[in-house]
Amino acid sequence: MRSAAVVSAWRREVLVLAVWLAAWTLIGAAFGYALWAAFSGLAVYLLMHLAYTNRLHRWLVNDDREPPEGLGVWQDIFVEFNRLKQRNRKRKKRLKSIVNEFQASTAALPDGAVVLDGQGRIVWFNQAAAALVGLRAPQDLGQRIANLVRHPRFSTLINAPDAQPGEVEVPSPISEHGILMLRIIPYGNGQRLLIARDVSEQKRMEATRRDFVANASHELRTPLTVLRGYLEMMEEETGKAGALEQWQAPVREMGQQALRMSRIIESLLRLARVEAEGLQQRQEVVDMAALIERLVADARRRDTAGLRFETELQAGLSLFGRPGELESVAGNLIANAVQYTPAGGEIAVRWWLEADTVNLSVSDTGIGIDQRHLPRLTERFYRVDAARSTATGGTGLGLAIVKHCLEHHEAELSVDSEPGVGSTFICRFPRQRAHVANAA
Ligand code: ADP
């Protein structure tokens, strides 16, 4: 439709030019100067177009609202340009309001947001980022974020070769006791979004809870030891024939329950210790094969159910980590395998290197675990069969301890199990932690 209008406008223009030239030529011919007159007509026509082009140019440059008036095809051109100009103006206005809205909403976010380019330089940040990370506009725009947030954990994350998503906790760069959770989200073409969240309060609450559990457990330990001492004495006394004999069973039961409470308290204290000081503990190269051999030998010595133990340990393969925690991991997994495997069963412990991981696995031919329990197994006090766990001296804290210790080693726990067939617990440590002894 529009293109048809264009064609007819130009047809009209050509017609006008033809009539114009014919008129000039005819008038010129009357005086014997037909060619000159035609040239003059053409020149006048050209001048008119030049004048209109100039008007158009000036109008485009000086943001005048009203379009200039024109004759013939120029009127159409001015109208068309005006329409484009207005559409552009509207689009600009809409974009501006979208940007304003976006900025207002991100400014209202409680989390800091920082847009980083491919080189990790700051492109934009919101008010919360200024408050949490201490960024200043405009000085910090264009600066590398790694130069402003200086922490080894953050540097490792931000300098990872191919922009990886990830999060790290770092001390706040602007407040002494603050803790920030920094999260990197890659997007687009190498750009990254950094989200900063203040987790100081959350960490403080966690620490308070941890301290409370640790203190309460610690306070309970001494009175319980006293009780157990007296109960042992009473058990001896009631064991003798006489008036106290009827108290023998209740006292024994009390003794067993007191022992159970002691175990829970010891596990809670152990868990609190792992949580509180785990990362501060010194790391060293731990000879895992020797550690596992020792734990398996202990288990074999204590075994009364005729279990068969098997080990398959890669020689010379050690792990860089915290010895106490690694012993807890292997010890708990082996103890569970023993605890949940009926007489005559088999327990196999393996330790080997793979392309990206170093693995520890503990398999048993025990009672197994139903699939629906697997996701919750490492929760505190989660037991598949509470009665059975209690009867065998379990506290429901073993795997929670394992999980925490593994987290401190960036390792993952996976469980494969089938009821009635057996279970396999595999810990996968990052390959960087492997220490392979030289063959020489
Ligand atoms: P517990 O002290 O009760 O053994 P854990 O945290 O070590 O507590 O384990 C949690 C639960 O997971 C146990 O109660 C048990 O039901 C189940 N479980 C752990 N290891 C095994 C295993 N090797 N075979 C079967 N069930 C297991």
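**Notes on a predicted structure, for a first look**

1. Let's begin at Phe429. Leaving aside residues up to four places away in sequence, Phe429 touches Leu319, Leu326, Trp351, Asp356, Thr357, Val358, Leu360, Leu406, His409 and Ala411. As you follow these contacts on screen, please keep in mind that this is a predicted model.

2. Now look at the core around Phe429. Which residues touch the most other members of the largest nonpolar core? They are Val329, Leu333, Trp351, Leu360 and Phe429, in a core of 43 residues. At least two core residues come from each of these elements: H8, helix H9 (288-302), strand E8 (317-321), H10, strand E9 (346-353), strand E10 (357-364), H12 and E12. Because domain 3 (202-279) and domain 4 (282-436) both give residues to this core, it lies between them. A second, separate core has 21 residues, including Leu132, Val149, Ile184 and Ala196. As background for your reading, nonpolar side chains tend to be buried together in soluble globular proteins.

3. Next, find helix H12, residues 398-407. Why is H12 described as largely enclosed by the rest of the structure? The reason is that 8 of its 10 residues are buried. The buried ones are Gly398, Leu399, Ala400, Ile401, Val402, His404, Cys405 and Leu406. Their cover includes helix H8 (248-277), helix H10 (323-339), strand E11 (412-418) and strand E12 (422-430). Leu406 is also among the contacts of Phe429.

4. The domain assignment gives domain 1 (2-96), domain 2 (109-198), domain 3 (202-279) and domain 4 (282-436). Between the C-alpha centres of domain 1 and domain 2 there are 57 Å.

5. Turn to the surface. A nonpolar patch there is formed by Ile27, Phe31, Tyr33, Leu35, Trp36, Phe39 and Leu42, which together have about 910 Å² of accessible area. Helix H2 (residues 34-61) gives the largest share of the patch, 4 residues. Leu35 is placed in helix H2, and Leu35 counts as exposed because its relative accessibility is 63%, where the cut-off for exposed is over 50%.

6. In one of them, Arg294 pairs with Glu327, with the closest N and O atoms 3.5 Å apart. This pair links distant parts of the chain, since Arg294 is in helix H9 and Glu327 is in helix H10, 33 residues apart. Arg294 is partly exposed, at a relative accessible area of 41%, and Glu327 is partly exposed as well, at 31% relative accessibility.

7. Arg301 forms a salt bridge with Asp298, and here the closest N and O atoms are 3.0 Å apart. What separates these two along helix H9? Arg301 and Asp298 are 3 residues apart, so about one helical turn lies between them. The general rule is that an α-helix has 3.6 residues a turn, so residues three or four places apart point the same way. Arg301 counts as exposed at 63% relative accessibility, whereas Asp298 counts as partly exposed at 22%.

8. Two further examples round out the salt bridges. Glu379 is bridged to Arg376, the closest N and O atoms being 2.9 Å apart. Glu379 is partly exposed, with 34% relative accessibility, and Arg376 is partly exposed, with 41%. Elsewhere, Glu169, Lys203 and Glu206 are linked in a network of salt bridges.

9. Is Gly178 buried or exposed? Gly178 is buried, because its relative accessible area is 7%, and the cut-off for buried is under 20%. Gly178 sits in the loop between strand E3 (166-171) and strand E4 (179-187). Not counting residues up to four places away in sequence, Gly178 touches Val170, Pro171, Ser172 and Ser200.

10. Finally, visit Gln127. Gln127 lies in helix H4 (residues 127-133) and is exposed, with a relative accessible area of 59%. The C-alpha atoms of Gln127 and Gly394 are 51 Å apart, and these residues are 267 residues apart along the chain.

How values were computed:
Residues are numbered from 1 along each chain as its sequence is written. This is a predicted model: local features need pLDDT of at least 70, side-chain atom pairs count only at pLDDT 80 or more; totals for chains, interfaces and linings use all residues. Side-chain values use heavy atoms; hydrogens and water are left out. Buried means under 20% relative accessible area, exposed over 50%, partly exposed in between (1.4 Å probe, protein chains only). Contact means heavy atoms within 4.5 Å. Patches are made of residues with over 30% relative accessible area and no salt bridge: like charges are joined within 9 Å, nonpolar side chains (Val, Leu, Ile, Met, Phe, Trp, Tyr) within 5 Å. Accessible areas come from the Shrake-Rupley method with a 1.4 Å probe; for residues, only the protein chains shown count as cover. A salt bridge is a side-chain nitrogen of Lys or Arg within 4 Å of a carboxyl oxygen of Asp or Glu. A nonpolar core is a set of buried Ala, Val, Leu, Ile, Met, Phe, Trp, Tyr and Cys residues joined through side-chain atoms within 4.5 Å. Domain bounds come from an automatic or database domain assignment.
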